Each structure stands twice: as C-alpha cells, then as structure tokens.
Amino acid sequence: MQGSGEAGRPGSRAVNSVQRIGSLLRCIAGMPDYAAHLEHLRRYHPNRAIPTEREYYEEFVRSRYEDGPTRCC
Amino acid sequence: MTLKHIGWLLLGLAGAVAWGVLALHRGETISAAWVVLAAVGTYLIAYRFYSRFLAERVLGVNDRRATPAERLTNGRDFVPTSRWVLFGHHFAAIAGAGPLVGPVLAAQFGYLPGTIWLVFGVVLGGAVQDFIILFGSMRRDGKSLGQMAKEETGPVTGLLAMVAVLAIMVILLAVLALVVVNALKDSPWGVFTILCTLPIAILMGFWMKIWRPGRTLEASLAGVLLLLLALVGGRHVAESATLAPYFTYSGLTIAYGMIGYGFIASVLPVWMLLCPRDYLSTFMKIGTILLLALGILLVLPPLKLPAVTPFIDGTGPVFAGKLFPFAFITIACGAISGFHALVASGTTPKMLMRESDARLIGYGGMLMESFVAVMALCAAALLDPGIYFAINAPLATLGGNVHSAAEVIRGWGFVVTPEQIDGLAASVGEQSLLGRTGGAPSLAVGMAHIFSSAFGQGLMALWYHFAIMFEALFILTTVDTGTRVGRFMLQELAGQIWRPLGRTSWYPSTVLASALVVGGWGYFLVQGVLDPLGGINSLWPLFGISNQLLASVALCVGTTLIIKSGKARYAWVTLLPLAWLLAATLTAGWQKVFAGDPRLGFLAHATQTAAQVASGALDASRGARLIFNDRLDAVVTMAFMVVTVLVLVASAREWVLILTRRKPAKAEESPFVETAYAG
C-alpha cells in the first residue's frame, strides 16, 4: 500500500492495481499524492524546481487544514 | 415501453409496497428489510428522475464547459478526479456523527417519523441543497458559501453568514463533545482506548513527516492496527482492579480534558496530531459504515420499537417537544444539513472533472448519508424500547438506579426488568448504561447486536467498545478540526477590526483565537455536563436549530443562484424545502425560547429555577448559574433566528428586484471555457 514515489514505472498488473487502490484511498482520506503532483509538474511546469516528497507533504497538509471546514458534523 | 422503463416501474412499485407495509403494519415487530427497501427504492427513483431534472432543466449542466479542476489545475487542491473516487472523498467529508446521533435521539417518537423525514427530507431538501451549492461553487471557481452569499446578495449578508457559521461551529462542537462525555464517563475501557489514539496519532505524524515522508497509507495502516490493539487492551484495563481506577473519570473531568485537548490540537502544527487523527478516523469511519451496512443487510433485524410512540405529544424523556417541529430539527444531518453547504463549497468543487459529475457527488453523496442515518435509526429501533429509554432518558428522570429506572419505564408503558438492564451493561463490559443520553451508547449497543449476530456471537463487549471508539474518535476529529477552522474564521473576522489579529501566523493571535473558540464551546459543554436534565435536552435542539437555519441560508443562496441564472420558474426546487425548513425551525426556536413548559422553554425553565431558589429548594449560586445559562441559550437561539430572517429578507429583496426587472438577472459565474477533455 505504499510506493507513492514510484508510480508510472511499467510493472506487473498486480502492482498497478495496488497503486490504483492506493491512490483511491489517498483521495478519499484527503491525503497528498506525490506521484500525481510530479506528473502535474512534468506536464504543466517542466521548468519548475521539483519539491522533495517531504516538502510537498508539509505544504499540502498545512494548506489543507487552513482552508475552511474539511469535515462535517 | 422499453425494458429499462419496466425496471424503473417495478422499482417504484417495490418502494411503494414497502412504504405501504411500514404504514399499515400493526404488530410486535417488523423487519428492517421494509425500511431499507422503502428508503433505497425512493432514493433510486429520486436520483434517476428528480436529480436528472435538476441537472438538465434547472441548473443546465454542460459537459462542454471546463471545470475549475481543469482550468486551474495545480496538482494540489484543483485536481480533476474521477467521479467515483471523488464520491468517496466527498462522502467521507460529509458523513460524521450527526447522521448517527440525530436519528437515534429522534427514535423516541418511534421509527416511522424519523424514516419518513430522512427519506423525503433528503430527496426534496438535503440532496437538492448539496447539489445546487456544489454546482454553484463549481461555476465560481470553488468559492465558499460565505463568498457566494456576499457576491450574490451583498456584503452584509456575507458577513451575517460568516458570523452564523462561526456560532454554529461553537454549538456543534459543544454538543458533539457532550455526546463523547456521556459515552466515556465512568468507562475505563472507553477512556483507555481513546487516550491511546493520542500517542498513536503522534507516532503516525512523525512517521509521515520525518521518518518516511509522505508515506501516509502505510502509517495509517499501522495506526489502525495499533488502535485495534488498544481496543483489545482496553478490556484488560477495565477488568484490572489496579488499572481501572486510573482510567475512570467523571463527566466533568472528561469535559475539561477535552477542552484542554482541543486547545492544544488547535495551536500545535497540524502534521503532528490533527492530520494523522483525521486520516485514522476517516478510515475507521468508512470501514465501520461499510460493516454496519453489511451487518444490517445480512441480519435484517426485527425492529422492536413501535412505529410511533405516545411521546409525539411532547412528553418524551430524551428531549422535550412535540413531533412537529422537533422531529425535523432533531434529525438534521441525514435529511438536510446546512453544514454540508460549507463542505460542498470547499474542497469538492475544485476536484470535479466534468460538470455532470456534480449530480452523482452532490445529490448522490447526500442520499448515501441519508442511508447511513436510516441504518442508525434501524440500529436504535432494534433495541427493546425499555432498554432504549433506560440508556437515553436522563439519569435524574430514571431515579438513579436500575430498580427505579425499570419502574419509571414501566410507567411509560414499556416492559423492562432491572436484571435486563444490568445484564446488558455487563454483557458490553460497562458498570452501567443508565442515562447515557446522546445516541452514541444506544447506537453502539444496537451495532454490537447486529455485528455479533452477523459475524459471530460472544464478542458483544468488544463490538460495543469498537462502536464507541469509532464514534468518539471521529467526533474528537470534528472537535479538533472544527476548533481550528473556528480559529481561522475568528482571526479573519478579528482582522477586520485590528489587522494584526487577522494574521494566522502571528502566535499571540493564534493562541488568543484558539482560546476564545475553545472557551466558547467549552462553556456550553460544561453547562451541558452539569445540566440536571442531561444537557442533550437543551444543547441538541440548539444544534439542530442552528444547523437547519444554516441550511435555510444555503437554500436562500441557492434560490438566488437559480433566479439569477434566468430560471426563476424552477425556483420552487429550493423555495419548497426552504419554506418547510423555516416553518419547522422558526417554530422550534420560538418554542425553545418562549414555551411555558419549563422542560421545553428556556425562559420558563429560568422562571421555575428562580422559584426553586426563592423557596429554598435550590442552592442560590447554582440557581443563578442555571438561570444565566437558560437566558444565554435563549439569546443564542433568538440570534440564530434573527440572522436567518435577515438573510431571507435580503435575499427576497434581491429576488423581487430581478423578477421586476429592476436589476439584471446575471449570475457572477466564471466565464465559459471549452473543455479539452474528449467527450
């Protein structure tokens, strides 16, 4: 259920589906998806510096909980 | 007629038959299957036909129009997300303790009123609100409800909406915290398990940030496993004569502990405590709700609660007030919840890949929450009515011990023996279940019944504490994230008075705002714990009223959006639920303040308390505090009502101006951009 940094490498079908389930769970819980962010940077901002996984995590978590209610009663 | 039509016709018939059975059934018990069938049949029909009408005719969903997730994509909050994944994300955000607690409390009227309101309230009200606000926010680059109110109806309305949201937050946090206090008081097992979540969360926090940055899933998996270990460990603590006293606390001590926790969680960096707890509780929540659904569908338990109890006349012990209006404010979340309008105008609109996805996520997501509430109602209704009232009536009403309780409950016409009450408490590993008002314990007993019949007998106590742990865990998560959100709102408001107070990175401002928010809900919490009527009696209606009034504000905004987009002829889709909601909520608010019955009206209770003090039956200082609290509750209720009426008047003025063509019908939407996605 890990390996968020290694998505995109061609692997067996099992590895792929584990990764799919992983990103599904991450999205449901509102967790950062580093691999998807790298993909976004590569596509839209090829010249921008790439943050480390830790930098991205810190930035994501900080901004998520500053932005209005994320959870209901 | 095609095959497809015949399928829908049959489904409609099945739902109608189920409603008929529910309405006409006379007898001891009825299978939960009928409730489930009636609910699901209605949801599917409403989703297929009504939500489609809303999407195509009223809102004009257009899949050629690029969503904010596509236009503003940034790989962080604006991320195009496939619709079923986003459905899960949105559902996890809207489902909380509300839909579990409200229906359990409203079960004092019987299972039928709650079921009818949950199902018809959601398809005509709650799901409509969520869908329209989600859609409106999506058309405005993910703006919040407050910002939309400000832009569409003016700055005063925007400010009022903001103040209302903050006030609701304070009441919400207090009442949810009270539910946890009532579940955990004098329960070493529960307290131990919940205390363990703190070190587990901190461990996860360091794991995800320092040791293995970003590995959120593996840390959460470890967290869930540790939590289950703590649950099993709790039994040994509760059974040990040396350890149990260290974890046995009165309600008041637990309340102060939670207040301290809320403050610390609000000023600590989020990664350390708040975020890992959020992950932990989300996975527990999804897992447990799936388990509950599976259990109910496997067992289809017989419901022992009557369809309608005599307490619809307002004499019920759990909370005061007649069926109308109190069923409709006791059950807020699950039928219609104003709080959803905040979430539906938060993270979700920034992630929609296509406009048409808003239908599944906004309307469909709310139907799902309503179904959770229906299941919670079933879990409460499967209990013997006598047991249900033993758990939920205030201790003072029950006379303090199982013998007096059995006597009192017999007087209400329900049969229960002292041995049954004691036996149940022992089977779930508690000293006593009497007077644990608040919904969580009776729901946990119901869930424990279902789980142990579905997944093997003999683990009743473990299942009970599993259910308590899961409810307490995500209520505490609401408490800490809510305190933090309240802190940011307060800082934003205070920044308009003195600029430095608005800087969220300035430590004195952070500490001050956190202390004020925690102090606000903490005050109401302590008031609830000390309340001789059990606290839930006064605080839950206050929460219900505030939440429904926020829903009214959201429906006002929704109506404005519809009228401004030139679709005034369809404005009834929001005006109809708005009218019903205002009728129920303003009546309830009025009765809570002015009713002559001291159990119901805050002011009448203050007068009664004053008389008790005068006659020497009550200590003067205690009496003065009770009177102050009654008056405070009355003022807060009136303030909610006034704010809502002001928003309604401001909105109605806007509607009239547009309809009489003195103002152009022009919505403040972001300009159209053609999508780049293939159709």
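This is a predicted model: local features need pLDDT of at least 70, side-chain atom pairs count only at pLDDT 80 or more; totals for chains, interfaces and linings use all residues.
Biologist: What makes a residue of H3(A) count as buried, and which residues are they?

Modeller: The cut-off is 20 or more other C-beta atoms within 10 Å of its own. The buried residues of H3(A) are Tyr56(A), Tyr57(A), Glu58(A), Phe60(A) and Val61(A). Their cover includes H2 (34-44) of chain A, together with H9 (188-211) and H12 (274-299) of chain B.

Biologist: What does each chain give to the contact?

Modeller: Chain A gives 37 residues and chain B gives 48. On the side of chain A that touches chain B, H3(A) supplies the largest share, 9 residues. That side divides into 20 nonpolar, 9 polar and 8 charged residues.

Biologist: Why are H12(B) and H15(B) called oblique to each other?

Modeller: Their axes cross at roughly 60 degrees. Roughly parallel needs an angle under 35 degrees and roughly perpendicular starts at 65, so H12(B) and H15(B) are oblique. The crossing is left-handed, and the axes come within 11 Å.

Biologist: Which residues meet there?

Modeller: Ile289(B), Leu292(B), Ala293(B) and Ile296(B) of H12(B) meet Val372(B), Met375(B) and Cys378(B) of H15(B). This contact has 7 nonpolar residues, no polar and no charged.

Terms used
Residues are numbered from 1 along each chain as its sequence is written. Chains are lettered from A and ligands numbered from 1 in the order in which they are written. A residue is buried if 20 or more other C-beta atoms lie within 10 Å of its own, exposed if 12 or fewer, and partly exposed in between; C-beta atoms are placed from the backbone. Helices (H or I, at least four residues) and strands (E, at least two) are DSSP runs, numbered from the N terminus. Two residues are in contact if their C-beta atoms, placed from the backbone, lie within 7 Å. Ala, Val, Leu, Ile, Met, Phe, Trp, Tyr, Cys and Pro count as nonpolar, Asp, Glu, Lys and Arg as charged, and the others, Gly among them, as polar. Axes are lines fitted to C-alpha atoms, for helices over the stretch in contact, and angles run from 0 to 180 degrees between N-to-C directions. Angles under 35 degrees count as roughly parallel, over 145 as roughly antiparallel, 65 to 115 as roughly perpendicular and the rest as oblique. A crossing is left-handed if the near helix is turned anticlockwise from the far one by less than a right angle, and right-handed if clockwise.
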